[in-house]
Amino acid sequence: MTSFDDDFTMTIGGKAVAGASAFDVLNPANETVIGRAPDASREQLDAAVAAARAAFPAWRATPFATRQKLVTAIAGVLAANAEPLKRLLTAEQGKTLDAAAADVMGGAYWCQSTATLELPVTVNEDSETRRSETRHVPIGVVGAIAPWNFPILLACFKLGPALLAGNTVVLKPSPFTPLTTLKLGELLRDVLPPGVLNVISGGDSLGPWMTSHPGIDKVSFTGSSQTGRKVMESAAASLKRVTLELGGNDAAIVLPDIDVEKTAQQLFWAAFGNSGQICIATKRMYVHADVYEPLKAALLDYAKTVKVGDGAEQGTQLGPIQNKLQFGRVVSLIQDAKDKGYKFLMGGVPDAEKGYFVPVTILDNPPEDSRIVQEEQFGPVLPLLKFDNVDDAIARANASEYGLGASVWSADTDAALRIGEQLQAGTVWINETQHLSPLAGFAGHKQSGVGVENGLEGLLEYTNTQTITVKKALASA
Ligand code: NAD
């Protein structure tokens, strides 16, 4: 397959369903309409949940090995259609074609790898009188809600384990990037039994309808901490299970013994990959005073070579901000820094006439209490921050309501590890960032999340714990 038609439908009960109405989806590089997505009504959500509930008994009874094969088959479908999917994803998301391919193929890798996991059974007792086992059984219908920064990869973080564990799913992409996910739903209609995976799209009401829907048993949500709080509140009414992967304000701590030339590029991409729109992007870079000036110079030299533009154009390395709302947030942070008189090393307030482009922006040691240091920028704006004392850097890194990721950079990995162990974050990297694995738990500490995705811990989040005991000897009369 090399291209898609421009007809985007939802997938409910294995069938194509048009929306009650439709909404425009824009290309963030030029603000033109690239397609119209179905806008699901409340009745259509009810239909999707009903289809998922109807499919649940047979799916949970499907042998685990068959479910493993079918989750692996999702990987095959993604890989076989990577070319048209990546083009569509670049058009709606803005990222480069290579980055879009990585999003799609990352989703494939996640499904394939997740399918190798097994659900453990713990034998608690096996005596003459009793056998007691603890197992993990599926929960029911999972409502999966995804953000716009990695639409396919982050949807697969949820689909793989939810389906493998025996749940059925209603998946909702972000209204800013629904099209590639709708196509994935379409491509999987003949792969999965009807109703096992339903894909619906809609406007701002659809998420809250899902989180309060009595037919949804668990919500798996990736998005901002602000929305995460609303999801938890809404899910509390029926005590739905929740997994929340939320925002971050990751600190990198750079020690004075690094090789500046070798590390500068890696540090640049840690902060600016996907135009900074990564939950685990480095959002605050604490650099030791002894190496601050040379690293600053090396970062600037490299940053000046990076091409920002339309993700579909050859040579582009960074695309636009994905949507107007987020563009406005990033611009307001830059404007605040300008108004307060902070020093810009490069970049600043954007001036593109069309498209949500923000130039690579680096700030020189703004105050610790500034908005750009304290808030999640989720855009290509990085504060470089100077420190003299490692304990001070650790304290500043930890002084955040967020606790998603953090990194430490040093030629001495043991010393870096000792610092890393003091950081309050769900994932800590030494001399790299953003390495995630489908086989390793990924969790947000503090207000960066509730629960875990990926790995065995992530798989278990899609299960209820069930202990079964069998009394072997009949009670004497
Ligand atoms: P968002 O919270 O605005 O939206 C996420 C999803 O939730 C979208 O599908 C949206 O339609 C839906 N939604 C919005 N309001 C809702 C409500 N009241 N109830 C239910 N659903 C609702 O987030 P975003 O702007 O799409 O994504 C950016 C944010 O996501 C950043 O904060 C980023 O750090 C975070 N993020 C976290 C991770 C992670 O794994 N921790 C990964 C990627 C992004």
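**Close-up views of helix packing and nonpolar cores**

**View 1. Helices α3 and α4 cross in a right-handed sense.** In a right-handed crossing the near helix is turned clockwise from the far one by less than a right angle; anticlockwise makes it left-handed. The model is predicted: local features need pLDDT of at least 70, side-chain atom pairs need 80 or more, and totals for chains, interfaces and linings use all residues. Residues are numbered from 1 along each chain as its sequence is written, and side-chain values use heavy atoms, without hydrogens or water. The axes of α3 and α4 lie 8 Å apart, at an angle of about 120 degrees (lines fitted to C-alpha atoms over the stretch in contact; angles 0 to 180 degrees between N-to-C directions). On the α3 side, A82, L85, K86, R87, L89 and T90 take part. They meet L97, A100, A101, D103, V104 and M105 of α4. Helices are DSSP runs of H or I, at least four residues, numbered from the N terminus.

**View 2. A91 sits in helix α3, residues 82–93.** Its relative accessibility is 19%, so A91 counts as buried (under 20%; 1.4 Å probe, protein chains only). Beyond its neighbours within four places in sequence, A91 is in contact with L26, N27, P28 and I34 (heavy atoms within 4.5 Å). L197 is 106 residues from A91 in sequence, and their C-alpha atoms are 25 Å apart.

**View 3. Helix α2 (residues 64–80) packs against helix α4 (residues 97–114), with axes that come within 7 Å.** The axes cross at roughly 160 degrees. That makes α2 roughly antiparallel to α4. The crossing is left-handed. From α2, the contact uses V71, T72, I74, A75, L78 and A79. From α4, V104, M105, G107, A108, C111 and Q112 take part.

**View 4. L78 is among the residues with the most contacts inside the largest nonpolar core.** The core has 81 residues (buried Ala, Val, Leu, Ile, Met, Phe, Trp, Tyr and Cys joined through side-chain atoms within 4.5 Å). V169, V170, L192 and I200 share that listing with L78. Helix α5 (residues 151–164) supplies the largest share, 10 residues. Domain 1 (10–246 + 448–467) and domain 2 (250–430) each give at least three residues to this core (bounds from an automatic or database assignment). Apart from neighbours within four places in sequence, L78 is in contact with L85, V104, G107, A108, I152, C156 and L184.

**View 5. A second, separate core has 29 residues.** V331, V408, A416 and L423 are among them.

Definitions and conventions. Buried < 20%, exposed > 50% of the residue type's maximum accessible area, 1.4 Å probe, protein only. Helix = DSSP H or I, 4+ residues; strand = E, 2+ residues; numbered from the N terminus. Parallel < 35°, antiparallel > 145°, perpendicular 65-115°, else oblique.
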